[in-house]
Amino acid sequence: MGLTEDYSERGPDTRSGQAIAYLQENYRTYALIAPVALFLLAVVGYPILQTFRLSLYEAPASSSIKTFVGLQNYAQIFTSDIFYQLLWQTGRWIVVAVALKTILGLLIALHLKGNIKGRKFFRTAFLIPWGIPYAISAVVFRWIEHPQYGYLNSILLKLGLIHERIGILGSPDIAWLGVVVADVWIGMPFMAIIFLAGLQSIPEQLYEAAAVDGAEKWSQFRYITLPQLKDVLFIATLLSTIWTFVSFDVIWTMTGGGPVNTTATLVIWIYKTAFDQGNLGLGAAYSVIGFFILAVFAIIYLRVYTSGGEEL
Amino acid sequence: MSRVTLSNVGKIYDGNVRAVKDVDLEIEDGEFLVMVGPSGCGKSTTLRMIAGLETVTNGKIQIGDQVVNDVRPQDRNIAMVFQNYALYPHMTVRENMSFGLRLSGGHSDEEIDERVEDTAELLEISDLLEQHPKQLSGGQQQRVALGRAIVRDPDVFLMDEPLSNLDAKLRTQMRTELQRIQEELGVTTVYVTHDQTEAMTMGDRIAILNHGELQQLEPPERCYDRPNNEFVAGFIGSPSMNFFDVDVTATGDGIQVSGSGFETELDLNLDTGSYTLGIRPEDFEVADGDGRLNTVVDVVEPMGSDNFLYLETGPNEIELTARVDSTFRPQRGDSVSLTFDPNDVHFFAPDGTRISTDNDQPLVSEA
């Protein structure tokens, strides 16, 4: 008798019945997040869908007439040399900039972790580049690297490292490095602060135990710091990769993608194609390709983030 | 195995906080020395100075014949067990235990495996070797930490409150096990604890510290029976010794003790003056008739084997504790008259030092 009563109190056991019961209990939550969800759908979801659609059209910016061309834009991209040049330049840009930001960020964090005088000052000072608008930093670096008035040339000349002034941002061979320097300067503080937080969460006793076990500084770094920092390193590097991939302001302000497109990345090219050349359809097709590349990183990040780093 | 010698060792933090004051300590080869004292007494700092994890402000530390003041922890051939074990979380038990051996070089993989497995067997953790620390219970982690220390075959074991994170039952069990292992290995061991039961039961000798100063360095029973001063007398023994401010008048063949509820004659030799009288709770006996001290019961704490009586005496209701037979269970408010053997009492001068009464019985260990 008791069993029957218990069972009847459990509520509806059909799927729709359960869904209704669930909504009755939680409708307030959904009502509260609905405005934001709808807003995001309107400003993010809709443009994404439109971009996908636009990539199948020939759509000059100068005309309101769009012609459906199927996958022709994609065919054009995959058969063009510039696409592979862009992939190479984007990859080079990401690998070098992220590697430098990671290594320098880690070095700074390791030094800030030590008990140095003025630690608080340096910790704040190192965040300043991150707080300055990217475009402003880019303008400053353009000036620093200027062949006639820039500090960089003067310093290199005085040190005897170069014999005549060089136009860094005007040289197709090294212009990308000039931009990387600015991007690293801007992005490094974030990495340093994230790494510092990670380093501070490693218990000091592990280092003491390792020291007693006979570990030298390098062994402590290799066997304690790195394994303990692994999750933080992975997440920070992944985020930095995504941000460096979509970085636009620095490159555009410093070189506009030149000289002869040598500093252009996929993101720069999307802008150039769509808004400089007015080819919206082709620009959209580049965007869709960029979207899928970025999605790979985003999925990795989400998988790691939602699993709380357990899989690492 | 080595002797550890501390000569006039001191530690000052940040220029003015004196954590350890001129400690002289000689730990014999193979000895189990327990350093004990309340929080902040400098015992952990002293241990960390021996380990090389803290610098020495003044004095000299020797391991064997070598002065190690400027020798890094890596080069002291010591092993340390930390309070929260400090196991490397990303390594398996096997990797944790073999870490030091691998770093030191000069050992083949087979030799390392053999030593790790032998040590694991000694500590009964062989089946845990492939697990990570977070998969282990506190007791198992403690054994692994111990194993990591043992496997390296160091000159000195340093243990910083290694049992304090364990539950009471496991703590008692590990206490005896640690003693067994130390005896088996014969490695010089310095063991820091704030738990005076551990100090009493484990050490060959105990070093009692307070405010960074060494108060007494003797075998446990000696510290219990002949405390150097009021601090040691109060710290060693549970429940703590009772203290009473009394006036003593020499009376030809003995002394008259008065004050704090006392008005009694004792057959002892002592100069007239003001003293602190110390009597351990277990040295009180319930008198059949009139005893030496009349008290009123406040609380009775039955412990099973015996009862702790929390009592009050004298016009100022001075509190004291007596440990009596479990069959004696008075009610709150009852009057209880206590007596004691004059040979069991301790007198302390106003500066806290113990006064010899000429009636000190030879200790069992001395007899």
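The largest cavity is lined by Gln89(A), Arg92(A), Trp93(A), Trp176(A), Val179(A), Ile251(A), Thr262(A), Thr263(A), Ala264(A) and Thr265(A). A cavity is a set of points, on a 1 Å grid over the protein atoms alone, where a 1.4 Å probe fits but cannot get out; lining residues have an atom within 4 Å of a point. The model is predicted: local features need pLDDT of at least 70 and side-chain atom pairs pLDDT 80 or more, while totals for chains, interfaces and linings use all residues. Residues are numbered from 1 along each chain as its sequence is written, chains are lettered from A in the order in which they are written, and side-chain values use heavy atoms, without hydrogens and water.

In chain A, helix H4 (81–113) and helix H9 (175–200) each give at least two residues to this lining, and H4(A) has the largest share, with 3 residues. Helices (H or I, at least four residues) and strands (E, at least two) are DSSP runs, numbered from the N terminus.

The second largest cavity is lined by Ala209(A), Val212(A) and Asp213(A), together with Ala79(B), Met80(B), Tyr88(B), Arg148(B), Ala149(B) and Arg152(B). Two or more of its lining residues come from each of helix H10 (204–212) of chain A, strand E6 (78–81) of chain B and helix H4 (138–150) of chain B.

In total, 2 cavities of 30 Å³ or more are counted. A volume is the space filled by probe spheres set on the points, which are joined across faces, edges and corners.

| Cavity | Volume |
|---|---|
| Largest cavity | about 70 Å³ |
| Second largest cavity | about 40 Å³ |

Terms used: 1 Å grid on protein atoms, 1.4 Å probe; cavity = no way out; pocket = protein on both sides within 12 Å on 5 of 7 lines; lining within 4 Å.
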